[in-house]
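Dear colleague,

I am passing on the structure we spoke about, and below it you will find what I found when going through it. Please read the notes with the coordinates open beside them.

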Amino acid sequence: MKTLLVCALLTAGLLCGVIVTHGGPAKGEGPPLGLPPVPVPEDNPQTPDKIALGDQLFHDERFSSTGDVSCATCHDVEKAFTDSPLKVSEGINKLTGTRNAPTVLNAVYMRTQFWDGRSPSLEDQALHPFLNPVEMGLKDHQPILEIVRTDPEYMKAFKSVFEKTGDEITMKEVTQAIAAFERAQVVGDTPFDRYFYKGETDALTASQKRGFEIFVNQGRCVSCHVIEQTQALFTDNRFHNIGVGINDIQGEVPGLARKFLYAEATMTEVDVEVLTNKKSSELGRFAITRGFDDLGSFKTPTLRNIAITAPYMHDGSLATLRDVVVHYNNGGVTKEGDTVNDYLSGGIRPLNLTDKEINDLVAFMEALTSPEFAHLAGKADKK
Amino acid sequence: MSKYRLSRRDFLKSAGALAAASSLPVSMVELAFADGRKNFTFAYISDAHIQEITGGKFVRNWDRGLIRAVAETNLLDPKPDFVVFGGDLAQLGKKSELDHGAEMLAKLDYKTYCVLGEHDYYLDLGKYWSKLYGDQYYSWDHKDVHFITLNSIITFDEWTHDRWPSDEQRMLEMAGLDNPNGSPFMVGKEQREWLRNDLEKVKKDTPVVLFSHSPIQKIYKGWNFWTDDAEEVQALLKPFDDVTVIYGHVHQIQYNQISNISFHAVMATAWPWPYPQSYAQAKSHLPKLTVPMNRADPFFERDATGWQLIDLESGRTAMNYNLYNNTNRTVAFDPKTGKPMDTAFQDPNDRVLPQTRY
């Protein structure tokens, strides 16, 4: 009965893969095992040329004020598209921001971008780091447009991909190409996927299997890091206050919150404020929505490839997966006995996990690394 | 870069649209009285049910609910004029529970008025509660509005004084739902007399707002969503142009209009109750106007709990429900229909369907 069900679900998954017209990673036909079809906006279809152009733009260091920072500086493919082991990202002149670089891998499945979801799409997201003073530090997008409008290689590529030249090339095309490249960074097929979606019972170790049980039961992890019958994004695309960051500014919340009430800020101004002021950063999504429910809350990240992208949390404050599990086990405080913040999300409560159960849970998360990046396993911890 | 944020003025214009969004801005609406009187807001927190497990250890979930409501209320800007706590601060009326709850409530930055709930009352008949919060029924005037607080959870003398072997037993019997040993709530003759006298001094065009723990209307007897002498209290309120009754106890959004009286229920900070109509053993009188809440996601302990900010516009109320892990709601008096209406979900086509669970 169980086998039948799995077969039926797999078939459904394959069918979905077929329906998608221009989605999916460039190399494969359907999405990788464990993932749904890649959502692609109608006005920005995936093509191999566009993905290649996006790749080039993503790695171009000329798009920063100092000429040595590109998107790839903080989203390095050799580090699973993060800047592990940095806690928070380093931009121009070694300036640091307030947040840990999230991986580009599978970011396409996120309904919002950035830790606080302040950007609605990959295309929009790509606009902002160029201008942030602690990231790429440009005053406006003009220097980028000058390069792509005059560099012979870019001129050729934009002509071929978008049929545009000179002033017709705008940041719309630039960000569409970058987004297309990011949309191609989709990886699944992890040991967990083979175990759960393909029925390969030996894909997980005994400890990982126990960890999976804890993940969906006593650990309560699955409520936010979602696993479904045909796919597992390991995120609910929602925002939660789990007691990281906000715990450090508890007495200051009223004053900090007020700052966002009266300022008529543009998206760019908020972008700068939350990445340059650590205390404002800790307000999380509240800085965007001004909703009480969002105080100190951040987007649930995917757990795919989590074992190779240390450190953890929006501020990189937890060094290991074990630290993360201990934080949850304590009910939303890193050190047992610390003060729980007043705005803690309702789902967070002490879990009463034993040491062995914590180890099993960590082992399970180590089974979420895709084969393309398996060679990075173990590296993050050693650095 | 486009301005992504609404100014407060924009918010006024599009309050309906925003109500559908997930968040309530901290900076709430200021609506001007048409005749120039000053409008104001107050916040309402209710049903914390602080519960001692044993030896000074309290139920964490209920603690967190009250702590969060207090902290969020303190962030309100512009500031509300005062806060009302709607009763059931404690679960079993114990001194330790009332003390623990009072300690949390004391963190409110505002003047706080308290309503007595049955969970505060039936252990020592309100003795310790009164030591903390004073009178069990009282009235006051604030910016041309007459406010009244009643103790609406008393019952027959025989049940209260002569039936139970211990105070603890009495408390437990009253705390139970569908309890054949229970007894209906009432305001009682003494308080009705006091109310009659109190209202005699009030002009008929003065807005009257009455706070009670039980509904002052008859909804569902099995769970004491009920006040036995509701009609008699309503009759005393009938001569006034604008009357609003705000009650706790039911842990859910309810609203209703009976002649000149608008009724609004408030959320608990502890846990949500299901709607009685889902419970088929007894007839429900749940107001038909009420749009049910999109019910709780069981993972999020705070879902379907919350607190409310209340606007008094021309003496009529707009209840802004601040709901954790859920969609905020506003139920406001609609002069066109003469009833409280949900600003976003009243039309059945606009409703969020309840979650289906398998």
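**The sheet in chain B**

In strand 11 of chain B, B:A265 has B:Y247 standing opposite. Before going further, please note that this is a predicted model, in which local features need pLDDT of at least 70 and side-chain atom pairs count only at pLDDT 80 or more, while totals for chains, interfaces and linings use all residues. Residues are numbered from 1 along each chain as its sequence is written, and chains are lettered from A and ligands numbered from 1 in the order in which they are written.

Strand 9 (residues 243–247) of chain B runs parallel to strand 11 of chain B and is joined to that strand by five bridges; strands here are DSSP runs of E with at least two residues, helices are runs of H or I with at least four, and both are numbered from the N terminus. Two strands count as paired if DSSP finds at least two bridges between them. Strand 10 (residues 255–258) of chain B is antiparallel to strand 11 of chain B, with four bridges, and here B:Y255 stands opposite B:H264. In the hairpin of these two strands, which has two residues between them, B:S259 takes a positive phi near 45°.

The open sheet has six strands in the order 6-7-8-9-11-10, with mixed pairing. Strand 6 (138–142) and strand 10 of chain B stand at the edges with a single partner strand each, so one side of each is left without a neighbour in the sheet.

**Helix packing**

In chain B, helix 9 (residues 189–200) and helix 10 (residues 230–237) pack at an angle of about 10°, with their axes 10 Å apart; axes are lines fitted to C-alpha atoms, for helices over the stretch in contact, and angles run from 0 to 180 degrees between N-to-C directions. These two helices are therefore roughly parallel (under 35 degrees; over 145 is roughly antiparallel, 65 to 115 roughly perpendicular and the rest oblique). The contact, for which C-beta atoms placed from the backbone must lie within 7 Å, is made by B:R192, B:L195, B:R196 and B:L199 of helix 9 and B:E232, B:V233 and B:L236 of helix 10.

In chain A, helix 15 (residues 321–329) and helix 16 (residues 355–365) pack at an angle of about 130°, with their axes 9 Å apart, which makes helix 15 of chain A oblique to helix 16 of chain A. The residues in contact are A:L321, A:R322, A:V325, A:V326 and A:N329 of helix 15 and A:I358, A:L361, A:V362 and A:M365 of helix 16. Among the buried residues of helix 16 of chain A are A:I358, A:L361 and A:F364, and what covers the buried residues of this helix includes helix 10 (206–216) and helix 15 of chain A.

Conventions:
Contact = placed C-beta atoms within 7 Å. Buried ≥ 20, exposed ≤ 12 C-beta atoms within 10 Å, placed from the backbone.
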